Amino acid sequence: MATKSKPGEDRRRRRYELRGRVQGVGFRPWVYRLATGEGLAGRVGNDPRGAFVEAEGPPAALDRFERRLMSEWPPLVEITGKRAIELAPAGDAAFVIAPSDRAGERRAEITPDTAVCADCRRELLDPADRRHRYPFINCTNCGPRYSIIRGVPYDRERTTMAAFAMCPDCRREYADPADRRFHAQPDACPVCGPRAWLADAAGNILTPADEATGGGEAVAEAARRLAAGAILAVKGLGGFHLACRADDDAVVARLRERKSREAKPLALMVRGLAEARRLVDLDAAAEAVLASPAHPIVLAAARPGAPVSRHVAPGSDTLGVMLPYTPLHVLLFETELPGGGRLGPLVMTSGNPSAEPLCADNDEAVRRLGAIADAFLLHDRDIERRVDDSVVASLALPEPGGAPVPALFPLRRARGTVPAPIVLARETPVPILAVGAELKSTVCLAAGREAVLSEHLGDLDNPETYRNFLSAVARLQELLDIAPAALACDLHPDYQATRWARSLDLPRVEVQHHHAHVAACLAEHHLDGEVMGLAIDGTGWGPDGTVWGCELLAADAAGYRRAGHLRPFPLVGGDAAARETWRPALALLGETYGDDPPAAARDALARSDPRAVDLARRRLAAQGERALRTSSLGRLFDGAAFLLGVRDANRHEAEAPMALEAEAVRAAGGDAAALGLKPAPEPAPLPWAVAGGAGGLVLDFRPLVAGLVDGLAAGRPSGELAYAFHLALSEMLAAGTAAAARDAGLDRVVLTGGSFANRILLARVRARLRAAGLRVYIHHLVPPGDGGVSLGQAVSAAARLERDGR
């Protein structure tokens, strides 16, 4: 209650307009308690741009309130813009939470979905609490947000919770400023909220939602079935998971067979941090992000003897782990099983047939996953937006003359992070829609000084994923209430997103793929001016009609100059070269030795189909100089993996490079040794070369390939050669980058592209460049791979439109 003013007392009123993450995070109730604690009158409310506060009272109390308003926020609040305006006193008698103001442009930041908080978890497991074992417990500090929102301002009627009318007890909490659920929009309980039940593979109910817990019994039965070896489809926050025991070879193999996912690593969920530490090596930074409100999957080095099936991540030395982030997940792991004990690690992989979008609807899941899952753990809270799990990589980066620095960088930006905006260094001239790349697709809508990326959408060569891409574009524009005035897309004429952008009647800026990678990192770090960018990946269309993939670009946001590249080689078989690793091996050997490779090289090629090899040779000879050529680092990795007998095919994207990295790590004696963090015997070095050329520096792989073949002929182990390959390649990339930067008079370097998911390359190239006195920037907000391309496209398009006066 406000303090009544005394006769003649000075009374002032001030309005605060706040932008950022202020809706759906307990901001209004927090302001209410802050204002009433100071005896102020006025109001607080949501508007389409964020939140507003009007506070009135004695100047000293108003100043104290303002200091706290600008510095002491609830856990999920993030204020990125604020303005204070002096107003004439209105004589309000109390402080109130006002109805949301729906007028004006929508610019409010939408809050990401947030993992269950410690308070809700405690109540969930408390037999005396009225929400004991309720799978949908939440409060203002946790629970669903982005996945259930239909419009802004963020109020219950504009979410999928609108279908659930609050009972008197929930309504009382919702209206009580002293309660943690004061104005918590998804608030619910077993009496009035969503319910969970267990169904068979055809969708028939096996265990209905019980009245006491609203589904706790169904979750317990699901846990018992998982323990017995069943595969379950589990509906979560942003879609379904396919879950099974992670420690049973037969069960995990059965899941892989049914899902048609031969080799791609599977994510794991564990009960808590103690269980995660038994599976992977975690430093303090990795543990902090694992337990953060986002609760992402953290990719870290697997511990020797980790108690999981060999089928979880075949050929990899890392595991991806996450903690339970919904109350339903917590209940699965807290269920006491027959005979005692609880569930151990579970596989929790995306609930979709391979290469298709995530399932989100109950009927859709039963239809698409019925041949994979033995049973379904379903609920009736609708998912408005499909949001997969975020993935973050954990590693330690060596520092010249100092201790290693823990580092985390995103590999997939989705649940818990999306749709938090990237704040830009300058305003875009017009709203821009960037449509991203073909693989690991995201889209980006940039307006003003904010760029909002969509969740991870997948690979657009799948028709279902492409339809989801079109839906995501429309829904992002609708949610943000922004109509683009210009488009940005890739140069590649066959990308689905590029074809779609070209079909629209809007101004369009086409951005070279690797320039977009560099521009994305520039945007993250607010870098102006020119840098030397090293962009390495599998493929990107070059303006010269070749396939680029290892590029040194002297670049700013608006443009670039190609300062160097990997020596080009034929792309044998076109797209087939990304699947069959003998094809790039054949091309690399041909460039290195001509028509007469040594016996060790011929022996390696003999593992492949001789007729296919002979046909490829004859086609290459017939094409001559007309053969499509590439500077792809990804294909160089594929060829090396084949020569060393590590992988004959990529069954999923980058399988061979990942396996080659794992071989190198094992040969080095563990993850730390591979990154150069402790003394370890290093293999005899392999040769490499960097030479000048008419089109800039050329990173010549031929000495490196010859060194691998000589090593095979000498009987050196494949793991030792894999390690030596990584070391030599790192040296060549660092030397080429440093030389290109020196030639261009630049001292800032950006490391980007999907191949920098390789921990050895990232750590060693960065360390070498820093030791050379260069300032090195890596990604920390968006993935280095194609998931960050849409941000780079948007930023580059904005810079070019501004430069050209459009």
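## Notes on a predicted model

1. Let's begin with a pair of charged side chains. Asp 544 and Arg 562 form a salt bridge, and their closest N and O atoms are 3.5 Å apart. Asp 544 counts as partly exposed, because its relative accessibility is 46%. As you read on, please keep in mind that this is a predicted model.

2. What lets such pairs form? Side chains of opposite charge can pair when their charged atoms come close. Across the whole structure, a search finds 75 salt bridges. Some share partners: one network joins Arg 11, Arg 13, Arg 15, Glu 17, Arg 43, Glu 54, Glu 56, Arg 83 and Asp 92.

3. Here is a pair to look up in the 3D view. Arg 766 and Glu 399 meet through their side chains in a salt bridge, at 2.7 Å from N to O. This pair, too, links distant parts of the chain: Arg 766 is in helix H22 (residues 759-771) and Glu 399 is in strand S15 (residues 391-399), 367 residues apart. Are these two residues buried or exposed? Both Arg 766 and Glu 399 are buried.

4. Now turn to Glu 510, which forms a salt bridge with Arg 502; the closest N and O atoms are 2.7 Å apart. Glu 510 has a relative accessible area of 19%, so it counts as buried, since the cut-off for buried is under 20%.

5. Helix H21 (residues 718-744) has 27 residues, and at 1.5 Å a residue it should span 39 Å. The C-alpha atoms at its ends are 38 Å apart, which agrees. H21 is mostly covered, with 20 of its 27 residues buried. After the helix comes Gly 745, and its phi is positive, near 70°.

6. A positive phi also turns up in residues other than glycine. One of them is Ser 260, with phi near 60°. Ser 260 has its place in the loop between helix H6 (249-259) and strand S10 (268-269), and it counts as exposed because its relative accessibility is 55%. Asp 481 is another residue other than glycine with a positive phi, near 55°. You will find Asp 481 in the loop between helix H11 (463-480) and strand S21 (486-490); at 39% relative accessibility, Asp 481 counts as partly exposed.

7. Backbone details are worth a look at Pro 419 as well. The peptide bond that runs from Val 418 to Pro 419 is cis, and its omega is near 10°. Pro 419 lies in the loop between strand S16 (402-412) and strand S17 (422-423).

8. Finally, visit Gly 351, in the loop between strand S13 (346-350) and helix H10 (362-369). Its relative accessible area is 0%, so Gly 351 is buried. Which residues does Gly 351 contact, leaving aside neighbours within four places in sequence? They are Phe 240, His 241, Leu 242, Leu 358, Cys 359 and Leu 369. Gly 351 and Val 234 are 117 residues apart in sequence, yet 8.0 Å separates their C-alpha atoms in space.

Key: Residues numbered from 1 in each chain as written. Predicted model: local features only at pLDDT ≥ 70, side-chain atom pairs only at ≥ 80, totals over all residues. Heavy atoms only, no water. Helix = DSSP H or I, 4+ residues; strand = E, 2+ residues; numbered from the N terminus. Expected span 1.5 Å × (residues − 1). Buried < 20%, exposed > 50% of the residue type's maximum accessible area, 1.4 Å probe, protein only. Salt bridge = Lys/Arg side-chain N within 4 Å of Asp/Glu carboxyl O. Contact = heavy atoms within 4.5 Å.
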